[in-house]
Amino acid sequence: MASPGTIAVDKADANKLETKLLLEKTHAHLVHTANIVLAREIGSNRSGGTGFEFNWRTKYRQSKAFEPALEIYWEPGDVDDFKPASGQVLSLGPVISGTYAINSHGKFVYEVGYLRGANDVTPRDTIKWLIEYEYVLGR
């Protein structure tokens with residue numbers, strides 16, 4: 001639900017400093033996850049203030065292979081200057097994830113989702129997907 005920070009290669013570019021808080025609560029088969037992000041550019045060519053992002057996911061643990069979820073991504077603007085609702089980035093939609101064990105050393109993990117933009121400043125349709133193979137050494 002979070003992206004890594006970046007460091008500018010060109011000395012004329014600003015760098016980005018991010019602080020993230022990840023909160024998670026499990027209740028029966030539901031897992032609620034909140035990700036709060038504060039980001040600020042630093043350096044000689046910085047712009048803007050401290051940006052704020054809030055991401056939310058509620059996942060239903062039906063089985064290891066199939067876990068449906070609802071995800072929400074919200075970027076209202078800078079901490080001290082939230083944009084009006086029509087100017088805030090907001091997308092939400094269903095996501096399906098799961099894990100398939102291949103053998104005692106490895107497993108496939110997948111995540112597929114469709115996010116719909118809630119206003120004109122948010123991309124209308126976003127498809128997100130992740131497919132990975134995890135291999136454990138030394139078992």
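Tutor: The structure holds 11 salt bridges, a salt bridge being a side-chain nitrogen of Lys or Arg within 4 Å of a carboxyl oxygen of Asp or Glu. This is a predicted model, in which local features need pLDDT of at least 70 and side-chain atom pairs count only at pLDDT 80 or more, while totals for chains, interfaces and linings use all residues. Residues are numbered from 1 along each chain as its sequence is written, and side-chain values use heavy atoms, with hydrogens and water left out.

One of the salt bridges joins the side chains of Arg57 and Glu71, at 3.4 Å from N to O. Since Arg57 belongs to strand S3 and Glu71 to strand S4, the pair ties together parts that are 14 residues apart in sequence. Strands (E, at least two residues) and helices (H or I, at least four) are DSSP runs, numbered from the N terminus. Both Arg57 and Glu71 are buried; buried means under 20% relative accessible area, exposed means over 50%, and partly exposed lies in between, with a 1.4 Å probe and protein chains only. This pair also belongs to a network of salt bridges that links Arg57, Glu71, Glu111 and Lys128.

Two further salt bridges deserve attention. Arg61 is joined to Glu67, and their closest N and O atoms are 3.7 Å apart. Arg61 is partly exposed, at 41% relative accessible area, whereas Glu67 is buried, at 12% relative accessibility. Lys20 and Glu18 also meet through their side chains, at 3.4 Å from N to O. Here Lys20 is partly exposed, with a relative accessible area of 35%.

Ser97 lies in strand S6, residues 89–101, and is buried at 11% relative accessibility. When residues up to four places away in sequence are not counted, Ser97 touches Lys59, Ala65, Phe66, Glu67, Tyr110 and Glu111; contact means heavy atoms within 4.5 Å. Glu67 is the partner of Arg61, and Glu111 belongs to the network described above. The C-alpha atoms of Ser97 and Lys64 are separated by 8.6 Å, although these residues are 33 apart along the chain.

The structure holds 7 aromatic pairs; rings of Phe, Tyr and Trp (its six-membered ring) pair if their centres lie within 6.5 Å, and planes under 30 degrees apart count as stacked, over 60 as edge-to-face and the rest as tilted. Among them, Phe52 and Trp74 form an edge-to-face pair, with 6.0 Å centre to centre and 85 degrees between the planes. Phe52 is buried, with a relative accessible area of 17%, while Trp74 is partly exposed at 26%. Ring pairs link Phe52, Trp74 and Phe82 into a cluster.
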